[in-house]
Amino acid sequence: GERSAWVHAEAIRTLAHSARRFETSARAFIVITVGDLPEGLVQELRLDGLEVRPLQPNDTMPVWSNFGGRVLGSSEWFTERSLQPVFAQLAAWNLASFRHVVVLDADTLVVANCDEIFDLGPVTFAS
């Protein structure tokens, strides 16, 4: 619900603050959200310099139309885990206007400079 969105947003703001604390050059910080957020929350994230891009359930599902012999959109797999049928990390592949994209989950905390991640050379994918 709305309360969990605000709690999650605090984790994202903490991640952004920790990443920016050690960065040597300014970089875009894009927050890919699952579904729409309350407008007040979006405004707070934007005031912190974060760009919010909502991702609707099933936006990434064509890639994952079959999982373990079951069609995910019609199975109970997500419901059993209180999840929405979205693989938000896949949305990072749509950020083609950026030279480098690093995907960090909201529960990540940056504790040192990590500029080397952006200097990996011609790497298509790194996790």
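How accessible is glutamate 51, in % relative accessibility? At 35%, glutamate 51 counts as partly exposed (buried is under 20% relative accessible area, exposed over 50%, partly exposed in between, with a 1.4 Å probe and protein chains only). This is a predicted model, where local features need pLDDT of at least 70, side-chain atom pairs count only at pLDDT 80 or more, and totals for chains, interfaces and linings use all residues. Residues are numbered from 1 along each chain as its sequence is written, and side-chain values use heavy atoms, leaving out hydrogens and water.

**View A. Glutamate 51 pairs with arginine 53 in a salt bridge.** The closest N and O atoms sit 2.7 Å apart (a salt bridge is a side-chain nitrogen of Lys or Arg within 4 Å of a carboxyl oxygen of Asp or Glu). Arginine 53 is partly exposed too, at 30%.

**View B. Helix 2 (residues 39-47) has Leu41, Val42 and Leu45 buried.** Down the helix axis, the buried residues fall within an arc of 100 degrees, so they line one face (the arc is that of directions from the axis to the C-beta atoms). Helices (H or I, at least four residues) and strands (E, at least two) are DSSP runs, numbered from the N terminus. Those buried residues pack against helix 1 (2-22) and strand 2 (51-55), contact meaning heavy atoms within 4.5 Å.

**View C. Aspartate 115 meets arginine 27 in a salt bridge, at 3.1 Å between the closest N and O atoms.** Aspartate 115 comes after helix 3 (77-80) and arginine 27 lies in the loop between helix 1 and strand 1 (30-34), so the pair ties together parts 88 residues apart in sequence. Aspartate 115 is buried at 14%.
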